[in-house]
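Hi,

Here's the structure I said I'd pass on. Have a look at it first, then read my notes below.

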Amino acid sequence: MIIEQTKKNKTFNGETCYYKHKSVVTGTSMAFSTFEPRPKEEIENAIIWLSGLTCTEENFITKSGVQKLLAGTNTMVICPDTSPRGLELDKEHESYDFGSGASFYLNATTSGYKDHYKMYDYVSIELIEILKKNFNVKKISIMGHSMGGHGALVLALNEINLFSSVSAFSPIVNPSECSWGRKAFKGYLGEDSDEYSKYDATLLIKNKNLRSDKILIDQGLADEFLEKELLTDNFIQVCNDAGQELEVNYREGYDHSYFFISTFLEDHITHHLNILNQ
C-alpha cells in the first residue's frame, strides 16, 4: 500500500504525521493522521481512534493530548477520516448526521453509497493492511468517540480476533433505537432491518458476540445526547445479561466534548497499553 506523508511535526520526541492514499475499498482518496512515538522500525503496536459526527482525521490528534500519553512507548495511534470525501451523492452534504463526515463505519448497500461508503471494510481490512505493511505493527486495539465509539464497539465485537482491546467515549451503543442511527441505517442500508443488527453493539452482545477482555466506556452525565441518542443503559443491561465484562464510568458534570475526552483519556490509553504489552 502506497501512502504519502503530507505533513509532520515533532511532538514529545516523536512525530505527529498526516498521510493520504488512494483507497481501493472506498474508491476515493483517504486521509489519516498518526502519532509515532518512535521510528517506524521500533513501533510494535497501534491504537485505532475513530472520531464522531462531522470530524476529520485532525480532531483527535490536535485536541486530545494523546501524544504525551504515548510518548516513549512502542505504540502509535492512527486516526482515519470519518467518511470518503470528494463525492456528490444524493443527500450526502445536506445534514451533519448523514453522508459526508457521518459514515457510521458500516458497509452501505443503498444506491450510490454502496460504491464508496464502505468504512467497515476500510478500517478492518485496508487500514489494518497499512498498519502492518507500512508500520510493521503486530497488535492492534481500537477506540472512539460518539459515532466513532459505535464504530469501535461494532468492529471489536464482530472482529474479535483482530483487535486486542476496545474502549469508547460517549458511544452510540444502540443505533437501531435512536434517531441518529435509524436515519443512518435507512440511508445506508435501506429498509432491511436484519442488516441493522450487524452494526448495533447492543444487538451484537444480545446475539452473543462476546469478548474475553473487558470493554471500557466513559460517559458524561451532562452529555446532551445521553438520553435520546447514546442509550448507555441499554448496553449495560445486555452486557449484564450476557456475562460480558464491562466497565462504564459515568462522569458527573462532563459533556460530549473533547474537554471530556482529554480529561479521562489517560485511563483509556493505560487500559489498551496494559493489554497490548501482555
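Let's begin with helix H4, residues 147–158: this helix lies across E4, E6, strand E7 (166–169) and strand E8 (215–220), and runs at about 145 degrees to E6. Keep in mind that this is a predicted model.

Now for the sheet itself. Nine strands make up an open sheet with mixed pairing, and their order is E1-E2-E3-E5-E4-E6-E7-E8-E9. Strand E1 (4–11) and strand E9 (246–251) sit at the edges with a single partner strand each, so one side of each has no neighbour in the sheet. From one strand to the next, the twist averages 15 degrees.

A quick bit of background: strands in a sheet pair through backbone hydrogen bonds, and they can do that parallel or antiparallel. Here, E4 (residues 45–50) and E5 (residues 75–80) run parallel, joined by four bridges.

One more helix to check out is H10, residues 258–276. Where does H10 kink? The kink is centred on Phe264 and comes to about 50 degrees. Phe264 is also one of the buried residues of H10, which include His268, His271 and His272. At the start of H10, Ser257 has a side-chain oxygen that reaches to within 3.2 Å of the backbone nitrogen of Phe259.

Methods. Residues numbered from 1 in each chain as written. Predicted model: local features only at pLDDT ≥ 70, side-chain atom pairs only at ≥ 80, totals over all residues. Heavy atoms only, no water. Bend = angle between axes of the 7 residues up to and from the residue. Helix = DSSP H or I, 4+ residues; strand = E, 2+ residues; numbered from the N terminus. Buried < 20%, exposed > 50% of the residue type's maximum accessible area, 1.4 Å probe, protein only. Polar contact = N/O pair within 3.5 Å; in protein donor to acceptor, adjacent residues only side chain to side chain. Pairing = 2+ DSSP bridges. Axes fitted to C-alpha atoms, helices over the stretch in contact; angles between N-to-C directions. Contact = heavy atoms within 4.5 Å.
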